[in-house]
Amino acid sequence: MLTRVKAVYLYIREKGTVTTKEIADEFGTTDRTVQRDLNILTHNGLVKSPVRGKWKITAKPVNIS
C-alpha cells in the first residue's frame with residue numbers, strides 16, 4: 001500500500017494537477033481506494049485539493065528514497 005501511495009504522489013508531482021478519476025485509471029483502482037491514498041497524503045501535508053476532485057502537490061519538501 002505505501003508503495004502505491006508513494007507512486008500516487010510521484011504521479012501527481014509529474015502531471016501537475018490531476019483528478020481522482022485520472023489517478024484511479026492510471027493505477028487500476030477504484031475512486032474510493034485512491035481517495036484513501038489521497039487522505040494519507042493530505043494528512044501528511046503533501047497534496048491538496050484546491051478544487052473538488054482535482055489534486056496537486058504542496059510546497060512541503062519531500063525526500064524520496
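How close do the axes of α2 and α3 come, and at what angle do they cross? In this predicted model, where local features need pLDDT of at least 70, side-chain atom pairs count only at pLDDT 80 or more, while totals for chains, interfaces and linings use all residues. Residues are numbered from 1 along each chain as its sequence is written, and side-chain values use heavy atoms, with hydrogens and water left out.

The axes of α2 and α3 come within 9 Å and cross at roughly 105°. Here, helices (H or I, at least four residues) and strands (E, at least two) are DSSP runs, numbered from the N terminus. Axes are lines fitted to C-alpha atoms, for helices over the stretch in contact, and angles run from 0 to 180 degrees between N-to-C directions. α2 and α3 are therefore roughly perpendicular to each other; angles under 35 degrees count as roughly parallel, over 145 as roughly antiparallel, 65 to 115 as roughly perpendicular and the rest as oblique. On the α2 side, T20, K21, I23 and A24 make the contact (heavy atoms within 4.5 Å), and on the α3 side D31, V34, Q35 and L38 do. By class, this contact has four nonpolar, two polar and two charged residues, with Ala, Val, Leu, Ile, Met, Phe, Trp, Tyr, Cys and Pro counted as nonpolar, Asp, Glu, Lys and Arg as charged, and the others, Gly among them, as polar.

Helix α1 also meets α3 (residues 31–43): their axes come within 10 Å and cross at roughly 80°. α1 and α3 are therefore roughly perpendicular to each other. From α1, the residues R4, V5, V8, Y9 and I12 meet T33, D37, L38, I40 and L41 of α3. Sorted by class, the residues of this contact are seven nonpolar, one polar and two charged.

Turning to α1 and α2 (residues 20–27), the axes come within 11 Å and cross at roughly 120°, which makes α1 oblique to α2. The contact joins A7, V8, Y11 and I12 of α1 to E22, I23, E26 and F27 of α2. Six of these residues are nonpolar, none polar and two charged.

How many aromatic pairs does a search of the whole structure find? The search finds one, with rings of Phe, Tyr and Trp (its six-membered ring) taken to pair if their centres lie within 6.5 Å, and planes under 30 degrees apart counted as stacked, over 60 as edge-to-face and the rest as tilted. Y11 and F27 form this edge-to-face pair, at 5.8 Å centre to centre with 80° between the planes. Y11 lies in helix α1 and F27 in helix α2, so the pair ties together parts that are 16 residues apart in sequence.

The strands come next. Three of them form an open antiparallel sheet in the order β1-β3-β2, where two strands pair if DSSP finds at least two bridges between them. β1 (18–19) and β2 (47–51) are the edge strands, each pairing on one side only. Helix α1 (residues 2–15) packs on the sheet, touching β1, β2 and β3, and its direction makes about 90° with that of β3. Between β1 and β3 the antiparallel pairing runs over two bridges, and V18 stands opposite W55 in β3. β2 pairs with β3 (residues 54–57) over three bridges, also in the antiparallel sense. Opposite K56 in β3 stands K48, and opposite I57 in β3 stands V47. β2 and β3 form a hairpin with two residues between them, and G53 in the turn has a positive phi of about 85°.
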